[in-house]
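Subject: Structure for you to look at

Dear colleague,

Here is the structure that I promised to hand over, and below it I have written down what was found. Please keep it open while you read.

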Amino acid sequence: MRALGQELASDKRPRGLLVTLKSFDGGMASALSLRDTLLRLRRAGRRVVVHLPGGVDTKGYFVASAASEIYAFPGAEVALLGFSAGGVYVHEALVKTGIVAEVLAHGKYKSAGESLTRDSMSEPQREQLGALLDRMYASVKAGLVEDRGLSEAEATRAVDQGLYRASEAVAAKLVDAALFDDEVPTKLASPDDKSPPRAVNAMAYLRARRATKLASNRGPSIGVVRVHGAIARGESLFSRGGRGALEGDIIAAVRAARDNLRVRGVVLHVDSPGGSALASARMHRELELLASEKPLVVAMANVAASGGYYVAAPAHAIVAEPLTVTGSIGVISARFAVGPVLARLGIHIDRLKRGERADLYDAVHPLSDDERRAIEHEIEETYREFVAVVARGRKKSVDEVEALAQGRVWTGEDAHARGLVDVLGGFEVALAEVRRRVGAGGDGLPARLVKARGGDGSTWTARPTRTQPAAWGLTMADEMLGEWAGVVPVLMGGERVLVWAVETMRFCR
């Protein structure tokens with residue numbers, strides 16, 4: 001959509017854009033980015049129409065509210081309901097089964113494991129989630145005021161009384177007309193048109209526009225490296241089909257961008273809740289080396305928290321959407337002790353060891369005081385390293401970062417106010433910043449994806465480096481746990497994890 005918006009803004013022939021929004025599954029930062037694209041087209045004098053054939057939820061409506069006109073299918077629901085966030089707390093169930101969940105974390109806001117050890121939300125978690133919801137709720141209402149012409153009171157009432165049939169949404173000034181699909185083209189015609197304007201498929205339009213502008217891959221460019229999904233050790237060459245930000249892939253891509261003289265600068269696009277502390281640290285080192293030689297700017301998408309922020313720290317500048325979730329500078333480790341439940345079932349384990357802590361990561365026995373102190377010490381050291389990395393990258397004192405850390409998450413807007421983010425905006429803003437830092441010849445450099453393997457004509461490639469394979473169970477976890485894939489294996493396997501409690505935000509609507 002971003003590329004389409006750029007082409008339409010510079011091409012005076014199309015009258016406007018019709019967006020058929022069947023659903024929207026992205027986060028609020030993606031919604032805001034898409035919304036801004038539509039608004040830029042409107043400001044460029046284009047007519048922007050959003051068609052809702054199957055209804056819409058709050059995030060989808062937030063996107064649609066940027067349009068000049070909104071049409072909904074007569075039987076569709078406009079579920080403008082606001083946002084909610086929460087968690088499923090299983091501590092009591094674990095106690096009843098005899099499973100002992102042991103979660104060790106540094107940072108009072110580091111809430112990723114509290115659903116295992118509590119029966120309700122902690123006050124720090126309530127505080128930070130409340131702040132996120134406040135920002136999202138305010139953004140939706142602001143869109144209603146600015147782009148739908150509602151008053152503050154009408155906007156509040158529109159959300160609080162949400163769940164509308166299309167006809168009711170028209171009466172509430174949320175939708176301009178309830179139309180069947182076949183009626184939409186006729187509404188696109190102007191009074192002077194004898195027939196509806198011809199519609200052109202967006203992808204076909206882009207291909208035609210780009211056909212005359214394709215630059216040779218041999219020319220200079222801005223490289224784009226993606227850190228998408230949970231950060232985990234290993235690489236796609238060896239993992240069993242798992243997805244996410246695998247350490248080997250990211251490192252190979254960063255090295256390729258660093259070594260290739262045609263790559264003049266890099267945008268690191270981060271959309272990750274974090275993951276393995278070790279993988280994050282290894283990626284961070286390679287990014288520091290890259291930043292010592294070439295301009296490096298981070299573009300944060302929906303989430304760039306915990307390990308996602310760790311890898312962003314070395315950048316010369318960090319760009320985030322106002323509704324990006326970021327920060328969460330903290331560390332967590334968790335394990336299950338299943339010995340009690342096994343004993344209840346009549347299953348007994350007897351083993352020998354040499355070394356007092358030889359069975360530290362055994363998932364059978366609860367931690368002894370000595371073992372707990374050992375893990376707490378490692379978590380403390382990992383946390384100190386995290387804070388130091390951020391302090392070095394952001395050119396702040398350790399005390400300044402500590403005041404913003406403790407696992408606390410911030411919206412991009414709040415992070416910007418506190419110096420964790422440099423500029424508010426999306427990918428295009430980050431790309432413009434890299435081009436500026438390149439200096440002479442930077443303007444107009446094309447952006448090309450850099451990745452470890454593959455190779456269509458627009459991709460720089462690098463030979464993967466052989467690192468430790470991703471944890472076993474990654475593929476299964478991917479199917480069962482979605483965003484947690486890659487995090488759960490290391491979280492329960494004893495490795496320190498830099499991760500935000502992504503599961504809580506799944507309850508947002």
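A residue is called buried if its relative accessible area is under 20%, exposed if over 50%, and partly exposed in between, with a 1.4 Å probe and protein chains only. This is a predicted model, in which local features need pLDDT of at least 70 and side-chain atom pairs count only at pLDDT 80 or more, while totals for chains, interfaces and linings use all residues. Residues are numbered from 1 along each chain as its sequence is written, and side-chain values use heavy atoms, with hydrogens and water left out.

The structure contains two aromatic pairs (ring centres of Phe, Tyr or the six-membered ring of Trp within 6.5 Å; planes under 30 degrees apart are stacked, over 60 edge-to-face, the rest tilted). F73 and F180 make an edge-to-face pair, with 5.3 Å from centre to centre and 85° between the planes. Of these two, F73 is partly exposed at 28% relative accessible area, and F180 is partly exposed at 41%. Y310 and F386 make a tilted pair, with 4.9 Å between the centres and 50° between the planes, and both Y310 and F386 are buried.

R408 also deserves a look: it lies over the face of Y109, 5.1 Å from the ring centre, and its charged end sits over the ring of W410, at 4.4 Å from the centre. For such a contact, NZ of Lys or CZ of Arg must be within 6 Å of the ring centre and within 35 degrees of the ring normal.

Best wishes
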